[in-house]
Amino acid sequence: RVSCGVPTGHCSVSGQFLAPPAPPGPPAVGSEGSGGVVRFMAVGDTRTQPTTFNDLAATMLAAMGQQPSWGSFVLHSGDLVTNGDSAWSWAKEFFDPAVLPAVRRLLSQVPFIACRGNHEHTAVLFREKFPCTYALDPPTALYRSLDYGPLHIVLLDQYSDFFAGSAQLQWLERDLQSALTKKWKLIMMHEPGWTAGGHHNEPHMVAVQELIQPICLTYGVQIVLAGHNHLYARYDVGGVAHLTA
């Protein structure tokens with residue numbers, strides 16, 4: 001676990017994160033194995049109900065306290081706030097220390113990796129809150145990838161440049177080609193291709209079935225993580241686990 005601090009005006013903010021596991025090899029004395037295991041938590045659609053989000057964050061922190069390896073990172077599949085173009089929504093539903101103290105602790109202790117949902121709207125403020133290195137073609141799209149130990153994670157943006165032959169999907173294939181040696185590959189986006197209840201067979205969801213699923217099969221992606229429907233569901237399609245969180 002790595003600790004760090006950032007000065008902010010008259011005070012400093014401290015945080016920490018868990019470094020990725022070592023590459024596979026002979027296990028160290030007293031270790032659990034050879035470094036191929038990554039544990040993390042995933043949530044989605046925490047908008048509108050900040051007290052519920054805070055309770056969830058407290059539960060996650062308690063679980064990480066019992067099993068620190070769960071604190072590698074948190075994935076959020078979008079819809080972080082009700083109106084992503086409103087600074088008020090971000091303040092009251094995501095950052096308010098009076099209402100969301102556990103969320104504040106979670107953000108300071110665990111890398112929080114989010115993708116764009118439909119409630120992020122133009123995503124101008126989303127990009128401001130998550131100033132990551134996104135793919136630059138086109139510059140308005142918010143898709144990217146990262147590695148954590150043996151896991152390759154891809155974040156897709158279904159609300160910009162998401163269609164057959166688009167720059168985003170061409171980038172996705174190049175990105176996954178470069179990650180073929182990774183043991184685990186996961187794609188996260190907001191709207192699922194297969195799920196239970198809620199929304200069904202809307203255009204972005206059909207695109208997951210028709211465009212993303214074949215790419216998963218070609219490049220060995222094992223997990224597709226999404227949200228949108230405000231429930232948990234799992235569909236195994238051709239060996240790919242489509243999870244709604």
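Student: How do the residues of the lining of the largest pocket divide?

Tutor: The lining of the largest pocket has 17 nonpolar, nine polar and five charged residues. Please keep in mind that this is a predicted model.

Student: And what volume does the largest pocket have?

Tutor: Its volume is about 700 Å³. The elements that give two or more residues to its lining are β3 (41-43), α1, β8 (184-188), β9 (223-226) and β11 (240-244).

Student: Which residues lie nearest its centre?

Tutor: Of the 31 residues that line the largest pocket, M41, A42, V43, L225 and A245 lie nearest its centre.

Student: Since the model is predicted, what is the mean pLDDT of the chain?

Tutor: The mean pLDDT of the protein chain is 89, and 86% of its residues reach 70 or more. Over residues 26-34, however, the pLDDT is below 50. In the model, that stretch has seven contacts beyond near neighbours in sequence.

Student: OK, the whole chain now. How many helices and strands does it have?

Tutor: The protein chain has six helices and eleven strands. Of its 245 residues, 45% count as buried. Among contacts with a separation of 6 or more, 64% are between residues 24 or more positions apart.

Student: Let us take a helix. Which residues of α2 are buried?

Tutor: In α2, the buried residues are S89, W90, E93 and F94. Seen down the axis of α2, these buried residues fall within an arc of 100°, so they line one face of the helix. On the other side of α2, A87 and W88 are exposed.

Student: Why would residues a few places apart point the same way?

Tutor: An α-helix has 3.6 residues a turn, so residues three or four places apart point the same way.

Student: What do the buried residues of α2 pack against?

Tutor: They pack against α1, α3, β5 and α4 (124-129). S89 lies in α2 and is buried, with a relative accessible area of 4%. Leaving aside neighbours within four places in sequence, S89 is in contact with V81, T82, N83 and F94. S89 and T48 are 41 residues apart in sequence, yet their C-alpha atoms are 8.5 Å apart in space.

Student: And α3, which residues are buried there?

Tutor: In α3 (residues 101-109), the buried residues are A102, V103 and L106. They fall within an arc of 100° when seen down the axis of α3, so they line one face of that helix. The buried residues of α3 pack against α1 (50-66), β4 (74-76), α2 (87-95) and β5 (112-114).

Student: New topic: V206. Where does it lie?

Tutor: V206 lies in helix α6 (residues 203-219). Its relative accessibility is 22%, so V206 counts as partly exposed; the cut-off for buried is under 20%. V206 and W194 are twelve residues apart in sequence, and their C-alpha atoms are 8.8 Å apart in space.

Student: Last one, the backbone. What is phi of D45?

Tutor: Phi of D45 is near 55°, a positive value in a residue other than glycine. D45 is placed in the loop between β3 and α1, and it is buried, with a relative accessible area of 11%.

Student: What about A123, where is its place?

Tutor: A123 is in the loop between β5 and α4. A123 is not a glycine, but its phi is positive, at about 70°. A123 is buried, with a relative accessible area of 3%.

Terms used: Residues are numbered from 1 along each chain as its sequence is written. This is a predicted model: local features need pLDDT of at least 70, side-chain atom pairs count only at pLDDT 80 or more; totals for chains, interfaces and linings use all residues. Side-chain values use heavy atoms; hydrogens and water are left out. Buried means under 20% relative accessible area, exposed over 50%, partly exposed in between (1.4 Å probe, protein chains only). Helices (H or I, at least four residues) and strands (E, at least two) are DSSP runs, numbered from the N terminus. The arc is that of the directions from the helix axis to the C-beta atoms. Contact means heavy atoms within 4.5 Å. On a 1 Å grid over the protein atoms alone, a cavity is a set of points where a 1.4 Å probe fits but cannot get out, and a pocket is an open set with protein on both sides within 12 Å along at least five of seven lines; lining residues have an atom within 4 Å of a point. Grid points are joined across faces, edges and corners, and a volume is the space filled by probe spheres set on the points. Ala, Val, Leu, Ile, Met, Phe, Trp, Tyr, Cys and Pro count as nonpolar, Asp, Glu, Lys and Arg as charged, and the others, Gly among them, as polar. pLDDT is the predictor's confidence in each residue, from 0 to 100.
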